[in-house]
Amino acid sequence: MSVKECGNHGKYRRKIFRRIIAGILIFILIVLITILLIWAILRPSKPRFILQDTTVYAFNASTPNLLTSNFQVTLSSRNPNDRIGIYYDRLDVYATYQNQQITLRTSIPPTYQGHKEINVWSPFVNGNSVPIAPEYSASLGSDQSAGSVFLMIKIDGRVRWKVGTFISGRYHLYVRCPAFITFGSKSNGVLVGENAIKYQLVTRCSVSV
């Protein structure tokens, strides 16, 4: 085979290789455009969370800079989408006071939420002798003396969207639910058992994905 024929053969192979790469890229582009079009048509909406109630079993800040608390919270989530399901791969619930975490994280078992479905969870969140910053400890004491404490029930998790047979990648889910806990003569809770007070809140939570 002459040098000229070898050169032509090499050019032909490079031409075929470029065509294969171009075909693969075009295919990937078509798939991505199709997914984006389906996504735009379906217009997925974020799940909607509501903090229905909070039952306080313990809330003790008598020791300086230490807080012991034990809550049971009832949370409901609604999927507002007609054609999109939601996989909750991970949901961790905990409480904060002035952006400082005051309880351990409680994990909710992974679950799937179908179209327009509602899920309800009632996890316990608690913290035993959790250290809190001195300025927060003073503020907490003042709030308790005034008769009310503002807490934030938070959920951090991972979700996936299901459209037909297509399942998206994981997205980070942030849920923030305000909760007012009242004490003493100002308490608007209901006594449950011997040492727990239940507060009916029905508070809509902020959700970001």
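Modeller: Begin with a cut-off: a residue counts as buried under 20% relative accessible area and as exposed over 50%, with partly exposed in between. Note too that this is a predicted model. Asp92, at 9% relative accessibility, is therefore buried.

Biologist: How many salt bridges does the structure hold?

Modeller: Side chains of opposite charge can pair when their charged atoms come close. The structure has seven such salt bridges. One of them joins Asp89 to Arg160, with 2.7 Å between the closest N and O atoms. Asp89 belongs to strand 3 (residues 84–97) and Arg160 to strand 9 (residues 148–163), so this pair ties together parts 71 residues apart in sequence.

Biologist: Which residue does Asp92 meet in a salt bridge?

Modeller: Arg90, at 2.8 Å from N to O. Asp92 is buried, whereas Arg90 is partly exposed at 30% relative accessibility.

Biologist: Is Asp156, the partner of Arg176, buried or exposed?

Modeller: Asp156 is buried, with a relative accessible area of 9%, while Arg176 is partly exposed at 22%. Their salt bridge spans 3.2 Å, N to O. Arg176 sits in strand 11 (residues 171–182) and Asp156 in strand 9, so the pair ties together parts 20 residues apart in sequence. Through shared partners, salt bridges link Arg90, Asp92, Arg105, Asp156 and Arg176 into one network.

Biologist: What span does helix 2 reach from its first C-alpha to its last?

Modeller: Helix 2 (residues 134–146) has 13 residues and reaches 18 Å, close to the 18 Å expected at 1.5 Å a residue. Just after helix 2, Gly147 adopts a positive phi of about 105°.

Technical notes. Residues numbered from 1 in each chain as written. Predicted model: local features only at pLDDT ≥ 70, side-chain atom pairs only at ≥ 80, totals over all residues. Heavy atoms only, no water. Helix = DSSP H or I, 4+ residues; strand = E, 2+ residues; numbered from the N terminus. Expected span 1.5 Å × (residues − 1). Salt bridge = Lys/Arg side-chain N within 4 Å of Asp/Glu carboxyl O. Buried < 20%, exposed > 50% of the residue type's maximum accessible area, 1.4 Å probe, protein only.
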